[in-house]
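Biologist: I've got the sequence and the structure open side by side. Can you walk me through what's worth looking at?

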Amino acid sequence: MTPPVVPGQAPLPARRLLARLRATLAASTAPLPELVRLIAAELVSEVCSVYVLRPGDILELAATQGLRAEAVGRTRLRVGEGIVGIAAATGEVLNLADAQNHPAYVFRAETGEAAYASMIAVPVRRAGRTLGVLTAQNLTPRRYADDEVEVLETVAMLLAEALLAARAADFAAGAMSRVFTATPLVAGIAIGPVVLLTARHSAVRLLAEDPDAERVRLDAAARTMQRELDELIAERLPDGHEAGGAEAAASREVLEAYRLVASEGGWLKRITEAVRGGLTAEAAVQRVAGELRERMRRIADPYLRERLADIDDLAFRLLATLDGGPRPQVPPGAILIARRIGPAQLLDWQARGIGGVVVEEASPSGHAAIIARSLGLPTLGAVHGVLEAVEEGEEIVLDAVDGQLILRPEMSVVLAYQRVLEAESARRVEWRGLAERPGRTADGVRVSLMLNVGLPSELAQLEATGAEGIGLFRTEIPMLARGGVADLPEQTAIYARVLDAAGGRPVLFRTLDLGGDKLLPGAPRPEEENPAMGWRSLRIGLDRPSVLRRQLRALVRAAGGRDLSVMFPMVATIAEFRAARALLLAEVARADPGPARLAIGTMLEVPALLWQLPGLFAEADFVSIGTNDLMQFLFAADRGAPGVSGRYDVLSAPVLDLLEQVLAAGLGKPVSVCGEAAARPLEALTLVGLGFTSLSMPASGVLAMKALLGRFDLGAFRPVLAALRRRSDGAASLREPIGAWAREQGLVD
Ligand code: PEP
Ligand code: MG
């Protein structure tokens with residue numbers, strides 16, 4: 001029987017149940033059997049069980065009321081297997097009147113569950129991580145009522161606390177070290193405590209001592225948040241003279257919609273109701289935001305989906321307002337572990353002092369990896385299952401040289417890694433002398449080594465590495481760091497600082513390359529199946545020229561009397577290059593003083609340009625090859641998808657052929673390579689072998705590259721490379737034989 005629900009109040013039995021569960025948790029060190037008994041009794045269900053996630057993505061029956069006792073510890077399902085496994089994998093509740101006829105149903109004889117028709121499976125999650133699954137079953141077919149689902153969800157939150165506490169106890173009792181293999185994204189080693197970047201930063205307490213006082217707290221926080229939001233919007237609304245009319249209207253619309261969601265009664269009312277039901281304000285925000293997100297996720301309408309991001313952001317804001325205090329400190333040198341991370345977020349964490357990053361879903365040429373590289377943060381990607389296995393604060397060794405992550409390392413392992421770190425810093429001292437010398441092969445061929453940077457703070461690296469200039473200044477990075485595109489005076493100041501720091505060395509400014517995975521917070525996201533091939537980068541610049549014009553004006557003003565080099569990203573046609581160049585020339589024409597010398601070039605990262613090379617070189621002053629995007633589009637392989645990004649190789653005969661053709665088509669005009677390939681030893685040797693004499697890379701690679709080139713006999717390598725290319729015979733990659741030669745020469749390990 002379902003008790004009647006008073007609007008705005010959690011049903012009394014639910015509150016009673018929560019109070020009893022809390023008492024049980026406080027009193028017992030092994031509370032699960034008692035918990036399932038209480039829940040089954042209160043919900044009037046014949047069965048209540050808890051499955052707990054074990055290492056290896058196994059869900060193990062840990063306690064049951066109603067199924068056979070001997071199944072406890074024996075019945076196991078993989079994540080994704082059966083009703084329980086699906087709830088764990090999707091994070092969604094499955095409420096089934098006829099569970100046994102569900103296509104995913106898996107029968108386990110030892111449980112004796114053949115008799116039960118209906119089943120509800122509720123994932124037990126904490127901060128975006130699945131810890132287990134709570135189930136109830138009944139003999140008669142029935143769908144569990146909404147208020148029962150709600151009670152079970154609240155119980156699941158409580159259960160998450162209990163499971164985490166149990167894990168912590170296991171750990172304290174000396175849990176075993178675990179090793180994960182991973183893809184090194186930014187080479188380096190770091191040792192430190194774990195900080196987790198999870199979807200929700202968790203509520204500390206779930207149940208409020210005094211629901212009335214809690215409601216007052218929530219109301220006050222909501223009012224403060226609203227006031228701060230109004231101020232923020234008033235500050236950020238474009239005033240219309242810099243931005244074009246349509247653009248100002250579009251941003252006004254977005255911000256107004258956001259404000260509407262914030263003040264919209266329904267969202268806040270549901271949180272208030274959850275607080276009345278006994279949750280703390282923080283737990284209520286998390287719960288309601290989670291429900292809304294789940295609901296919105298199933299909506300295809302792009303406008304409504306846009307609101308999803310708003311709600312996410314609002315939930316964060318409200319939680320931060322409730323918290324009131326400064327953001328929690330990160331232990332120095334901590335290692336951040338995330339499922340995904342955006343470039344702006346990564347900048348934010350770096351400023352907080354982390355010493356390394358692990359991103360479950362990241363690949364070498366994704367933008368998170370690029371930012372990490374420019375920050376010199378050792379980074380591992382494509383690590384599976386680590387978020388499920390690790391606790392905040394545990395010690396971890398991040399080895400982004402050999403590609404492994406060692407959780408809870410033995411003391412002897414830590415000591416060995418500390419020795420490696422000491423040797424590494426000694427090598428850096430040895431490299432220091434190389435800063436004064438230019439890049440040069442052992443047989444005397446000069447290779448100009450330039451920097452890929454994006455933050456003015458990285459400019460000090462010019463001196464530290466002795467790089468010859470900046471081969472790629474990613475102008476979108478400072479905008480991502482500040483959370484929006486700066487106005488004209490601020491942009492002018494940023495670019496002027498860059499030119500000041502370069503002190504006459506060349507700087508190739510690339511215009512804004514936003515979109516794809518480089519999204520500004522709050523920027524409208526078009527609903528696109530393939531954002532990397534969508535409305536991004538120069539396409540936005542040409543369609544909304546006011547932003548590009550403002551940037552070009554800032555660059556021209558910053559240069560005032562000095563040399564200026566500008567290049568455009570994602571150019572696909574000569575016509576696009578011409579249109580962008582015309583905007584720049586118009587700004588130069590109205591500037592006084594204009595740049596001393598102006599060079600206008602393009603990135604080559606869209607394959608279509610490969611068939612327009614003579615025309616392109618006739619008009620562009622220089623070309624910079626962006627191998628990250630070029631490879632992605634040539635091979636139709638998402639650079640951000642770990643599963644495919646490593647599948648195709650720059651070191652394959654067709655890619656080497658076309659790179660050589662670009663160089664030849666340039667007829668002596670400057671052609672450099674600024675993609676990540678330029679920084680990798682075998683790729684760099686091969687590029688130099690093809691005839692490239694300008695490579696641009698993150699600062700962390702320059703000294704090592706000088707050292708490598710200094711030992712490299714280019715004259716000896718050229719015929720070897722030519723022979724390997726001739727004999728390649730359809731091989732997917734020449735990496736193996738090129739690597740063998742380089743090892744033989746003592747160039748690489
Ligand atoms: C590239 O695509 O290779 C490149 C250098 O640009 P980004 O990585 O910023 O897209
Ligand atoms: Mg690119």
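This is a predicted model: local features need pLDDT of at least 70, side-chain atom pairs count only at pLDDT 80 or more; totals for chains, interfaces and linings use all residues.

Biologist: How many residues surround ligand 1, and which are the closest?

Modeller: The shell around ligand 1 has 16 residues. By class, four are nonpolar, five polar and seven charged. The closest are Arg474, Arg510, Gly626, Asn628 and Arg639.

Biologist: Which side chain has a polar atom 2.8 Å from an oxygen atom of ligand 1?

Modeller: Let's go through the contacts. Asn628 comes to 2.8 Å from a ligand 1 oxygen, but with a backbone N or O atom. Arg639 uses an N or O atom of its side chain, and that distance is 2.9 Å. The side chain with a polar atom at 2.8 Å is that of Arg474.

Biologist: How much of ligand 1's accessible area does the protein cover?

Modeller: On its own, ligand 1 has 280 Å² of accessible area. The protein covers 100% of that.

Biologist: And which element gives the most to the shell?

Modeller: Elements giving two or more residues are α11 (367–375), β16 (470–474) and α21 (627–634). With three residues, the top contributor is α21.

Biologist: Moving on to α16, which residue caps its N-terminal end?

Modeller: Helix α16 covers residues 488–502, and its buried residues include Leu488, Ile494 and Leu499. At the N-terminal end, a side-chain oxygen sits 3.0 Å from the backbone nitrogen of Glu490. The capping residue is Asp487.

Conventions:
Residues are numbered from 1 along each chain as its sequence is written. Chains are lettered from A and ligands numbered from 1 in the order in which they are written. Side-chain values use heavy atoms; hydrogens and water are left out. A residue is near a molecule or strand if one of its heavy atoms lies within 4 Å of it. A polar contact is a pair of N or O atoms within 3.5 Å; within protein, one must be able to donate a hydrogen and the other to accept it, and residues adjacent in sequence count only if both atoms are side-chain atoms. Accessible areas come from the Shrake-Rupley method with a 1.4 Å probe; for residues, only the protein chains shown count as cover. Helices (H or I, at least four residues) and strands (E, at least two) are DSSP runs, numbered from the N terminus. Ala, Val, Leu, Ile, Met, Phe, Trp, Tyr, Cys and Pro count as nonpolar, Asp, Glu, Lys and Arg as charged, and the others, Gly among them, as polar. The expected span of a helix is 1.5 Å times one less than its number of residues. Buried means under 20% relative accessible area, exposed over 50%, partly exposed in between (1.4 Å probe, protein chains only).
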